[in-house]
Amino acid sequence: PVVSQFVGMLGPLGTNLLLLLCGFWITVSLRKPTFELGPFLRNRLVRIYVPYIAVVLLSYSAWALMPQLGAGKGGWGLESTLSNLLLIPGLFPDRPALTVAWTLSYVVAAYLTIPLLARLLGGGMVRRIALWMTLTSLPFLLIAGGYSIAYRIAYIPLGCLLAEVYTEAPAETFTGLK
């Protein structure tokens, strides 16, 4: 029982770490002098969507060939299929055919919004840190206010905040060398 509980905790922990690293690496990428939004988005979306759509289509094929497996959590309807292909389940109250859709919807939303937010705020580190702190705390404030929102979304701006601190701090801060 203890081992199965530990293994059961690894999935959510891995998801949180993925979201944290996503925010971190988006922010590190934004700080590169050669950063271009168009190629950045194209590369990330291709890396996410091509494998995801392949797995969704394989899953739907398996469900069609072996009905005893069930039609997935989302069902067979056109609305559910489009919702899954567009990665909407994590952003709106919808059931995904594949539970990975919840996490991927957060990642895609981050790829689309974080570069735009950072550009809107310009080059001021203090403004960016204030934004990341606000976005990290906002889901918890909404939950406290009675709204149903996934707290995991807070890990992405937390990763952005860590990247800001990491890239701005002197090397001695992290190595202990002076």
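This is a predicted model: local features need pLDDT of at least 70, side-chain atom pairs count only at pLDDT 80 or more; totals for chains, interfaces and linings use all residues.
**Overall layout**

- The protein has seven helices and zero strands, with helices (H or I, at least four residues) and strands (E, at least two) taken as DSSP runs numbered from the N terminus.
- Read along the sequence, the pattern is α-α-α-α-α-α-α.
- Of the 178 residues in the protein, 35% are buried; buried means under 20% relative accessible area, exposed means over 50%, and partly exposed is in between (1.4 Å probe, protein chains only).
- Among contacts with a separation of 6 or more, 59% are between residues 24 or more positions apart, a contact being heavy atoms within 4.5 Å.

**Helix α2**

- Helix α2 has 29 residues and reaches 41 Å from its first C-alpha to its last, close to the 42 Å expected at 1.5 Å a residue; the expected span is 1.5 Å times one less than the number of residues.
- Its buried residues are Leu37, Phe40, Leu41, Arg44, Ile48, Tyr49, Tyr52, Val56, Ser59, Tyr60 and Trp63.

**Aromatic pairs**

- Rings of Phe, Tyr and Trp (its six-membered ring) pair if their centres lie within 6.5 Å, with planes under 30 degrees apart counted as stacked, over 60 as edge-to-face and the rest as tilted.
- By this rule there are five aromatic pairs.
- One of them is Phe24 with Trp25: the ring centres are 5.1 Å apart and the planes stand at 85 degrees, so this pair is edge-to-face.
- Phe24 counts as buried because its relative accessibility is 16%.
- Phe40 and Tyr111 also make an edge-to-face pair, because their ring centres are 5.8 Å apart and their planes are at 80 degrees.
- That pair links distant parts of the chain, with Phe40 in helix α2 (residues 37–65) and Tyr111 in helix α4 (residues 100–121), 71 residues apart.
- Both partners are tucked away: Phe40 is buried at 5% relative accessibility, and Tyr111 is buried with a relative accessible area of 14%.
- Phe24, Trp25 and Tyr166 form one aromatic cluster.

**Salt bridges**

- Side chains of opposite charge can pair when their charged atoms come close.
- The whole structure has two salt bridges, each needing a side-chain nitrogen of Lys or Arg within 4 Å of a carboxyl oxygen of Asp or Glu.
- Glu164 and Arg31 meet in a salt bridge at 3.4 Å, N to O.
- Glu164 lies in helix α6 (residues 155–168) and Arg31 in the loop between α1 and α2, so the pair ties together parts that are 133 residues apart in sequence.
- Glu164 is buried, with a relative accessible area of 1%, whereas Arg31 is partly exposed at 32%.
- Arg128 and Glu164 make a salt bridge at 2.6 Å, N to O.
- This one links distant parts of the chain too: Arg128 is in helix α5 (residues 125–144) and Glu164 in helix α6, 36 residues apart.
- Arg128 and Glu164 are both buried.
- Through shared partners, the salt bridges join Arg31, Arg128 and Glu164 into one network.

- Leu104 lies in helix α4 and is buried, at 16% relative accessibility.
- Not counting residues up to four places away in sequence, Leu104 touches Ile48, Tyr52 and Leu87.
- Leu104 and Leu19 are 85 residues apart in sequence, yet 9.3 Å apart in space, C-alpha to C-alpha.
- Leu121 counts as partly exposed, at 23% relative accessibility.
- Leaving aside neighbours within four places in sequence, Leu121 is in contact with Arg127, Arg128 and Leu131.
- The C-alpha atoms of Leu121 and Leu131 are 8.8 Å apart, with the two residues 10 apart along the chain.

Notes:
Residues are numbered from 1 along each chain as its sequence is written. Side-chain values use heavy atoms; hydrogens and water are left out.
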